Amino acid sequence: QVQLVESGGGLVQAGGSLRLSCAASVRTSDTYAMGWFRQAPGKEREFVAVIFGSSGSTRYTESVKGRFTISRDNAKNTVYLQMNNLKPEDTAVYYCYSAAGDILRPRYWGQGTQVTVSS
């Protein structure tokens with residue numbers, strides 16, 4: 001069982017920045033991949049970004065490329081999502097996840113953290 005605890009959400013104006021953190025109960029370098037999904041009101045949960053455990057390579061959904069950066073600190077077993085130039089459409093609950101072999105099929109989820117971007 002992997003425990004994931006998110007923090008860092010909040011309310012920000014459009015154009016602002018936030019950094020989300022996800023602390024894992026396992027070594028982040030030992031995971032297949034860790035990343036973030038988000039779910040806006042009335043919408044399905046969608047993939048945002050992922051970082052692979054062994055290589056550290058990253059992937060992003062198109063709408064956040066150039067604005068969001070996923071990174072990790074293996075010494076702290078923590079994954080981060082730096083979000084810049086936030087837009088109202090980024091408003092959602094952001095969920096950290098850990099995947100075992102398919103980055104779009106999370107095995108473990110965090111509890112979620114709310115991000116609200118005002119216009």
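Guide: A strand here is a DSSP run of E at least two residues long, numbered from the N terminus. R19 is found in strand 3. Keep in mind that this is a predicted model.

Visitor: What makes R19 count as partly exposed?

Guide: Its relative accessibility is 47%. Buried would need under 20% and exposed over 50%, with partly exposed in between, so R19 counts as partly exposed.

Visitor: Which residues does R19 touch, leaving out those up to four places away in sequence?

Guide: With heavy atoms within 4.5 Å as the test for contact, R19 touches S7, G8, Y80, L81 and Q82. Take S7: R19 and S7 are 12 residues apart in sequence, and their C-alpha atoms are 8.6 Å apart in space.

Visitor: How do you know that strand 1 and strand 3 pair?

Guide: Two strands pair if DSSP finds at least two bridges between them. Strand 1 (residues 4-7) and strand 3 (residues 18-24) have 4 bridges, in the antiparallel sense, so they pass. Within that pairing, E6 stands opposite C22. Strand 1 also has two faces: L4 and E6 are on the covered one, V5 and S7 on the uncovered one.

Visitor: Where do these strands sit in the sheet?

Guide: The open sheet has 4 strands in the order 1-3-8-7, with antiparallel pairing.

Visitor: Why is one side of strand 1 and of strand 7 left without a neighbour in the sheet?

Guide: Strand 1 and strand 7 (68-73) stand at the edges with a single partner strand each, so one side of each has no neighbour in the sheet. Ignoring direction, neighbouring strands of this sheet are turned by 20° against each other on average.

Visitor: Now the rings. How many aromatic pairs are there?

Guide: The count is 6 aromatic pairs.

Visitor: What makes Y95 and W109 a pair?

Guide: They are 6.1 Å centre to centre, with 80° between the planes, which is again edge-to-face. Y95 lies in strand 9 (residues 92-99) and W109 in strand 10, so parts 14 residues apart in sequence are tied together. Y95 is buried, at 14%. F37, F47, Y95, Y97 and W109 form one aromatic cluster.

Visitor: Which rings does R45 lie over?

Guide: R45 lies over the face of Y95, 3.6 Å from the ring centre. Its charged end also sits over the ring of W109, 4.5 Å from the centre. The distance cut-off is 6 Å.

Technical notes:
Residues are numbered from 1 along each chain as its sequence is written. This is a predicted model: local features need pLDDT of at least 70, side-chain atom pairs count only at pLDDT 80 or more; totals for chains, interfaces and linings use all residues. Side-chain values use heavy atoms; hydrogens and water are left out. Rings of Phe, Tyr and Trp (its six-membered ring) pair if their centres lie within 6.5 Å; planes under 30 degrees apart count as stacked, over 60 as edge-to-face and the rest as tilted. Buried means under 20% relative accessible area, exposed over 50%, partly exposed in between (1.4 Å probe, protein chains only). A charge sits over a ring if NZ of Lys or CZ of Arg is within 6 Å of the ring centre and within 35 degrees of the ring normal. Axes are lines fitted to C-alpha atoms, for helices over the stretch in contact, and angles run from 0 to 180 degrees between N-to-C directions.
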